[in-house]
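Please keep the sequence and the structure in view while reading.

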Amino acid sequence: MECPRCRRGDTRVVDSRPADDGAAVRRRRACQPCGYRFTTFERAEAPALVVRKRSGERVPFQLEKVVRGVRAACKGRPVDDAGVAAIAAAVEAQLRGTPGELSTEQVGLAVLDQLKRCDHVAYLRFASVYKGFADASDFARELELLEGTGSSH
Ligand SMILES: [Zn+2]
């Protein structure tokens, strides 16, 4: 590994021990040419996102499902495939930033969050399915909330 000080590649590990309750390995490294010592941490890549369903069952997060839901909500709207993919990617990024276990509700809310920023009609469509709007007054209420955001849509 490259030395952060002199940028030469010649460092060696002088000490290696478990860290973070075994979730990581902490290594002390020493640079041969300049003598600089520094620490590195090695840990496994971020695990797959897991969603806990209402039944309690844990399932892997499926981006494809989000893409399908977003595409359905954006049908006939000026959002192309690239736009749909971007919305789905933003949903995943938002979920990765969420601490703790994910619920199906959080996934739905993340989709709503992202749709709200892109297309209000698509947002309302998704919301009507997701939130189970009972009648038109629910739409009116949501619409008022949207108008309140100050967007020009
Ligand atoms: Zn060095």
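Helices (H or I, at least four residues) and strands (E, at least two) are DSSP runs, numbered from the N terminus. The model is predicted, so local features need pLDDT of at least 70 and side-chain atom pairs count only at pLDDT 80 or more, while totals for chains, interfaces and linings use all residues. Residues are numbered from 1 along each chain as its sequence is written, and side-chain values use heavy atoms, with hydrogens and water left out.

**Sheet**
- Three strands form an open sheet in the order β1-β2-β3, with antiparallel pairing; two strands pair if DSSP finds at least two bridges between them.
- β1 (11-19) and β3 (37-43) are the edge strands, each pairing on one side only.
- Strand β2 (residues 24-31) is joined to β3 by seven bridges.
- Arginine 29 has phenylalanine 38 in β3 as its bridge partner.

**Aromatic pair**
- Tyrosine 36 and phenylalanine 38 form a stacked aromatic pair, 6.0 Å centre to centre with 15 degrees between the planes. Rings of Phe, Tyr and Trp (its six-membered ring) pair if their centres lie within 6.5 Å; planes under 30 degrees apart count as stacked, over 60 as edge-to-face and the rest as tilted.
- Phenylalanine 38 counts as buried, at 9% relative accessibility, whereas tyrosine 36 is partly exposed, at 29%. Buried means under 20% relative accessible area, exposed over 50%, and partly exposed in between (1.4 Å probe, protein chains only).
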